[in-house]
Structures are given as C-alpha cells and as structure tokens.
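Please read this report alongside the sequence and the coordinates. It is arranged by topic, so that each section can be checked against the structure on its own.

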Amino acid sequence: MSIKDSFYEHVAQTSDAPMGLEIERAEGPFIYTTQGNKYVDFISGIAVSSLGHRHPEVVEAVKRQVDRHLHVMVYGEFIQEPQSKYAELLTSQLPGSLDRIYFVSSGTEANEGALKLAKKHTGRHKFVAFHHGYHGDTHGSLSVTGRDVYRDPYLPLLPDVHFLDFNSFEGLETIDEETAAVIMEPVQGEGGIIPAQKEWLQAVRKRCDEVGALLIFDEIQTGFYRTGSLFAFQEYGVVPDIMSMAKAMGGGMPMGAFVSSSEIFESFKHDPPLNHVTTFGGHPVSCAAAHATLSELLSDDYGAKAKKIEQIVRNKLTAAGITEIRGVGAMLGMELEDRELTQKVVEECMDNGIILGWTLHSNTLVRLAPPLIIDEELLQSTLKTINRTVKKYS
Ligand code: PMP
C-alpha cells in the first residue's frame, strides 16, 4: 500500500478534504513534498515553526538530549536538567508573579490545567469566556470555546460557563464573586485574528481584581514573539494570573505549559496530593528543544522582525487594494469578500507553492503567519503572488 493510500485508509481524518501534501522534508521557511514540489510555509504549521523548520540550534539540542535520556518518570517526580534549565530561563523573562511553570505537551492540555488550577485555588467553578474564542478540543477547553457549532455535538460540557462579546464593555458584571476565572486570548486567533483593545483588557483585569476572579491569558498562538513581544500581554501592560502557552514554544517539538505564581500553584500540591499529574508533560527532549528555541529568540531582536513583517505585509497588500488586514506582528489575516473567493485564493496559492489557510471560526479570512526568520525577498515575492491571485478572482 502506498503511503498516500494508508493515510487515507488508516489515519483518522477530521474533514473530507485534507490538504494532503505528502511531506519529504522541511527546512527553514520551506516544505518539500515527495512529488518534488517546494512550498513556502506561510502559516508556520499554524504558528509553530516561528524559527522556521529544523532550526539548527533546535535540532542540535534535540540530538544532544536524545543521546542522554528520553522519558524517565511522570511529571514532577525526578529532577531533570532540561526542565529545570528551561523553567529558569523562561521565568527570567516573565514578571515576578509568573514564577512557576507546569509543563504539558499541547495547547489544550495547558488550558485544561489552567482551568483546574483556577478552580482549585479559588474554590469556585464559574468561568467567563468570549464569543469566537478558541482554547482547544478537549472537554474543558471546548467548554470555554466560543462557537456553538463546535460545542453542540459534545453537550453537556462544563456547567456555569458564560460567554461575553470580545472587546465589549457590556456584561463585565457577569464576572462576579462566584467566578473562578476569565479565560481569553489577547489576540483571538481562530476567531479571525482580532486583537483585544487595550482599555477593554485593562477593564477586564480591573473587574477580575474587584471580585477575586483569576485572569487566564491563552497565549498559545500569540506567544514567542508572534505578535512582536515575547508574549502579547507585555504589549498591553496587563499581567494575567495564569498564562497558557504551546505551539512555537518547542520549536517544532510537542510542548506546552501553564504558568502562574508559586502561591497559586500551592493548591495543586494538596487535597489530595498528586491531583493533577501527567506522564509526558515536560518531556526532556521537548524541554531541550524549547530551551534552544527561547535562547535563539532572545539572542536576536525577533520582536522587531515580527513588526517588520507586519509593516511589509500591510504595505504590500494595501497597495494591491486589499483593505482589511487584521492582526499584529506576524499574526495577521486578510479579510476577503466571501467564502468562495477565500477558498479560491488559498487553493491557487497552494498550486503556486504557498501554504495559506483560514481560521476555524471564519471562512472569509486568509491566515498569514510566516516564520519570523523569513527574509525580505521571499516575503515580498510571496506577497506578490498572493496579490496577483486575489486580483485574478476579485
Ligand atoms: N488555544 C489557542 C489560542 C489556539 O490557537 C490553539 C490551537 N489552534 C489551542 C489553544 C489548542 O492547542 P493544541 O492544538 O496544541 O491543543
């Protein structure tokens, strides 16, 4: 049986129309297929490969760790150098109130942990989340994901979850003394690349403080310089109580975490002990890759690179008559007239060697999330092709 046939017959699919590229290898901003085609990965594997594919420092760190040890024990029992070193490096970049990390292996798992931590610490179980927010597909994360079409088939989900409109001051009184936490993305990703307004985010923080609710920022898509700062919260001057991260964290390895204060994490140790454990969280190879990724990100001005990408994308697309470009840094999207045009543009760009995509909650937005290492020449030529394609069908 060919690789392609076994993919279609034996690998579980999540749609009737997978993109179906058969991958040979990937390097830097490019993905190469077994058919001999080369693609610019203009969505970075959905905001993962910010350093490009197979960054040499990451590959080297992975190889070094593979030669030392793989899994040795479930999370939190043994002292493993890659975990400790990474925890020290990451917390050195965060405010003092985010000084402790719980490692997991994916984004949704980070949010599951964040929600449980908020419940355990506050002794409350009400959550407030936002329409069009996306937090992952396991039951807890899905419970706070703001789109009925994805939630309905799996009801009942967590009770006592209330959805508010993103960027709206109305309804903030829903956040009350019974609320364990408010969970949100500082820039909604799957909702269609929608940045929060600063004053609004500050008002949410203020309301949480007034009623003793925790504020959880899901920075799974925004993190690691995608929006121009290490984390988006730094641009807003609003520090969350708990923050989840994943995606670009591991430089291409499965890696996630939720971060909070030592005080809040205290509640995880007792009543009963071992009430939140995981086998593979903080896998040594993933931690080594994450350390190499963050070291590289801190060694150069990746924030400036993300901002430069934004400026070039905005200039080039605006000049071509595309008026609605949303987002911040290298987390961008262009809004097109309708679903048909969006689909045609994504498909034809793919035929021309550019991988684009849409977002889960919007079918008129083309996602643009190039790797931060993309050089200006490749960025310009890719945008030229995108412009030509939009023009052809508009
Ligand atoms: N939160 C956000 C903001 C995301 O963008 C995603 C993934 N698109 C997730 C959570 C879920 O992450 P994962 O797919 O690693 O579970």
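The sections below take up the domains, their interface, the ligand, the salt bridges and some backbone details of this predicted model.

## Two domains

The domain assignment divides the chain into domain 1, made up of residues 3–54 + 301–393, and domain 2, which covers residues 57–299. Taken over C-alpha atoms, the centres of domain 1 and domain 2 are 26 Å apart.

## The interface between the domains

Where domain 1 and domain 2 meet, 29 residues of domain 1 are in contact with 31 residues of domain 2. The area buried between the two domains is about 2,600 Å², and carbon and sulfur atoms give 62% of that area. On the side of domain 1, Met-331, Leu-360 and His-361 lose the most area to domain 2, and together they account for 31% of what that side buries.

Polar interactions also cross this interface, with 16 residue pairs in polar contact between domain 1 and domain 2 and 2 salt bridges found across the interface. The elements that give two or more residues to the side of domain 1 that touches domain 2 are helix H2 (44–47), helix H12 (302–319), strand E13 (325–328), strand E14 (331–335) and strand E17 (362–368). The largest share of that side comes from H12, which gives 4 residues. Sorted by class, the side of domain 1 that touches domain 2 has 16 nonpolar, 9 polar and 4 charged residues.

## Around the ligand

Of the 13 residues around the ligand, the ones that come nearest are Gly-107, Thr-108, Asp-218, Gln-221 and Lys-247. For Gly-107, a polar backbone atom lies 2.8 Å from an oxygen atom of the ligand.

In Asp-218, an N or O atom of the side chain is 2.7 Å from a nitrogen atom of the ligand, while in Lys-247 an N or O atom of the side chain is 3.3 Å from a nitrogen atom of the ligand.

## Salt bridges

Side chains of opposite charge can pair when their charged atoms come close. The structure holds 19 salt bridges, and one of them joins Glu-235 to Lys-307, with the closest N and O atoms 3.6 Å apart.

Another salt bridge is formed by Arg-207 and Glu-210, whose closest N and O atoms are 3.5 Å apart. Both Arg-207 and Glu-210 lie in helix H8 (residues 198–211), where they are 3 residues apart, about one turn of the helix.

## Backbone details

Most residues other than glycine have a negative phi, and most peptide bonds are trans. Against that background, the peptide bond from Leu-155 to Pro-156 is cis, with omega near 0°, and Pro-156 lies in the loop between helix H7 (148–151) and strand E6 (161–164). A cis peptide bond also joins Asp-271 and Pro-272, with omega at about -5°, and here Pro-272 lies in the loop between helix H10 (262–265) and helix H11 (284–299).

Arg-54, a residue other than glycine, has a positive phi, near 55°. Arg-54 is found in the loop between H2 and helix H3 (56–68), and in the domain assignment residue 54 ends the segment 3–54 of domain 1.

Terms used
Residues numbered from 1 in each chain as written. Predicted model: local features only at pLDDT ≥ 70, side-chain atom pairs only at ≥ 80, totals over all residues. Heavy atoms only, no water. Domains from an automatic or database assignment. Contact = heavy atoms within 4.5 Å. Buried area = accessible area lost by both parts, 1.4 Å probe. Salt bridge = Lys/Arg side-chain N within 4 Å of Asp/Glu carboxyl O. Polar contact = N/O pair within 3.5 Å; in protein donor to acceptor, adjacent residues only side chain to side chain. Nonpolar A, V, L, I, M, F, W, Y, C, P; charged D, E, K, R; others polar. Near = heavy atom within 4 Å.
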